[in-house]
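This briefing is meant to be read beside the sequence and the 3D view.

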Amino acid sequence: MKTQIPLAAIDQPDLHSQAKRRRKNSRVKTLKHYGEKLGWLVASLTTFVLIWESLAFFNLIDTAILPPPHQFLGEVTNQEQFFDRQLGATRVGGNFVALTAISATLKRVFAGIFFGFIAAFSCGLFASYFRLFGKLTLPTITLLAPISATAWIPLAILLFGVGDSPAIFIVFIGIFFSLTLATVDCIKNVDQLYINTGLVLGASRWQIMRFIVVPAIIPSLFVVLRINFFAAWASVLAAEMVGVNTGLGAMVMVARQMFNVKLMFLGMTLIGLVGYTIDVCFAQVQNRVLWWKAATKI
Amino acid sequence: MGEILVRDVSKVWGIDTPEEVLTLDRVNLTVRPGEFLVIIGPSGCGKSTLLNMMAGLDTPTSGLVLHNGQTVVGPSPERSMIFQQPSLLPWQSLIDNVAFGLTLKGMGRRERYQRAQEFLSQVGLQGFARKYPHQLSGGMQQRASIARALCLGTDILLMDEPFAALDVQTRFKMQEFLLDIWKGSGKTVVFVTHHIDEAIFLADRVVILTSRPGRILDTVDIDMSRPRDVASSSFDHHRSLFIDHLRSEVTKAFEQQELVEMFDTSIK
């Protein structure tokens, strides 16, 4: 015997409410997804902290060198007394103002990224559009790219002394070469179809660059920038440790010199947290502003 | 108005290399104003190359292409081209895409949106102005590409297998849609395809190219009234004529394939 299909079910598909339900379901799903991710993050951190704390509690590690998290995180309260705008990013005796140290480091990283991105982008465009310029510069840039930014620190200090400029210079160097090469590479790989489309619609050379090449390469450049951010972050901290004397890197270094282990760990925690937060922000910008790339890439 | 002359055009690929290949051999062709001309031929016969040369995206090795009496030296908004792959810019909304040619001309925002909206309605996409290309189906994207070409008001449409990437049903709908747009518009259409039924369904006149090197094998007038019935006997008559013509050429093209592949890998 055949199974009866309830007619009403086929007859009246309430499309509107169905779509609504589907949208709601998908929202619930994303929320669930984020909740789960967050849950595992907390679980992972808790496990790690618990192991550390219990090792310290049972005296299995030397707390003078590896102070458990509750001790060095408690160090934050000591920060209060140094929270004075007047002090800026300078050190106070053997201690540091963490907040100003963070802002000093961030200022350097973003200034470096800003100048580096603009310089690399223009240099890449120039090298692609003016053959002679490209042929003269690109081989040298290719050779300079593998020199890690950290290796430029001594030169930076010799050139700029102590302060913001050498750190900004280091970040700049850290992203400039690879981003210039990436720009040239991306321009080479712009789909000829889009360029032909522009041409048959009457676009000039300049218009092709402005309306087609630039929007086509920005998303890939953003990915390269995001990857290079970590390198820049690492190198500015290294610079702060060896010569710059202010910022998060210097905070950790000076804490070691003063044997203020709690401050050292606090500094390391902050370095991790701030770096992670910035990367999350980058990812968000990438998803929102450059959404069409994700949609077309897959 | 909308006349293209192709005079003794030859094209050699990989010139001055050991792999020189003659793709087009002394092609002579007159595209009459207002006609729907279809170019058909086996793959690799140079039909797309010929169309690209009409658009100005490629240059003949020898010979001339003339548009309304003027030599074609480069691409121009006077000759719109529609490509096989959807070529809407993914970072622009549909209305910006359709108005793109007008943006390039420097037309003001309000004026060009108004104009683009008209053409969006004409291709049945009036409600999708704010959508982005990836939110549309392949057929809708191709319709938008056509709207973009029409928006410039050119009298020549060059179409390079525009429906080849679509499924059969969509393809058929698009063919009817294209005829609707073309009918009474006075525009000249040059349409490249390798699909016999598509050629007979659309064309006033079909030009058959030989396999490499491409030469004009025959030119056939399709004097059937529109809309054409694909099941009618006169459609069948044309179909068998084209199959006869193309069969030997396809066989030849197939034998050449090895040679072609050799050539393709050596230039990479």
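In chain B, an open sheet is built from four strands that pair in the antiparallel sense and follow the order β2-β1-β4-β5. The edges of this sheet are formed by β2 (21-31) and β5 (70-71) of chain B, each of which pairs on one side only. The model is a predicted one, and the points below should be read with that in mind.

**The open sheet and the helix on it**

- Seven bridges join strand β1 (residues 4-13) of chain B to β2(B), and the two strands pair in the antiparallel sense.
- Within this pairing, Trp13(B) has Val21(B) of β2(B) as its bridge partner.
- Helix α1 (residues 47-55) of chain B packs on the sheet, where it touches β1, β2 and β4 (62-67) of chain B, and its direction makes about 60 degrees with that of β2(B).

**The enclosed strand β3(B)**

- Strand β3 (residues 36-40) of chain B is largely enclosed by the rest of the structure, because five of its five residues are buried.
- In a regular strand, the side chains alternate between the two faces of the sheet.
- In β3(B), Phe36(B), Val38(B) and Ile40(B) point one way while Leu37(B) and Ile39(B) point the other way, and all are buried.
- β3(B) pairs in the parallel sense with strand β8 (residues 188-193) of chain B over five bridges, and Ile39(B) stands opposite Val192(B) in β8(B).
- β3(B) also runs parallel to strand β9 (residues 205-209) of chain B, to which four bridges join it, and here Val38(B) stands opposite Val206(B).

**Helix α4(B)**

- Helix α4 (residues 109-122) of chain B has 14 residues, which at 1.5 Å a residue should span 20 Å, and this agrees with its end C-alpha atoms, which are 20 Å apart.
- The buried residues of α4(B) are Arg112(B), Ala116(B), Phe119(B) and Leu120(B); they lie on the same side of α4(B), because they cover an arc of only 105 degrees around the axis.
- The cover over these buried residues includes α2 (94-98), α3 and α5 (138-151) of chain B, whereas the face turned away from the buried side carries the exposed residues Arg110(B), Glu111(B) and Gln114(B).
- Just after α4(B), Gly124(B) takes a positive phi of about 75 degrees.

**The contact between chains**

- In the contact between the chains, 21 residues of chain B meet 15 residues of chain A.
- On the side of chain B that touches chain A, the elements giving two or more residues are β6 (79-82) and α3 (100-105) of chain B, and the largest share, four residues, comes from α3(B).
- The residues on that side of chain B divide into 13 nonpolar, six polar and two charged.

Conventions: Residues numbered from 1 in each chain as written. Chains lettered and ligands numbered in written order. Predicted model: local features only at pLDDT ≥ 70, side-chain atom pairs only at ≥ 80, totals over all residues. Contact = placed C-beta atoms within 7 Å. Nonpolar A, V, L, I, M, F, W, Y, C, P; charged D, E, K, R; others polar. Expected span 1.5 Å × (residues − 1). Buried ≥ 20, exposed ≤ 12 C-beta atoms within 10 Å, placed from the backbone. Arc of directions from axis to C-beta. Pairing = 2+ DSSP bridges. Axes fitted to C-alpha atoms, helices over the stretch in contact; angles between N-to-C directions.
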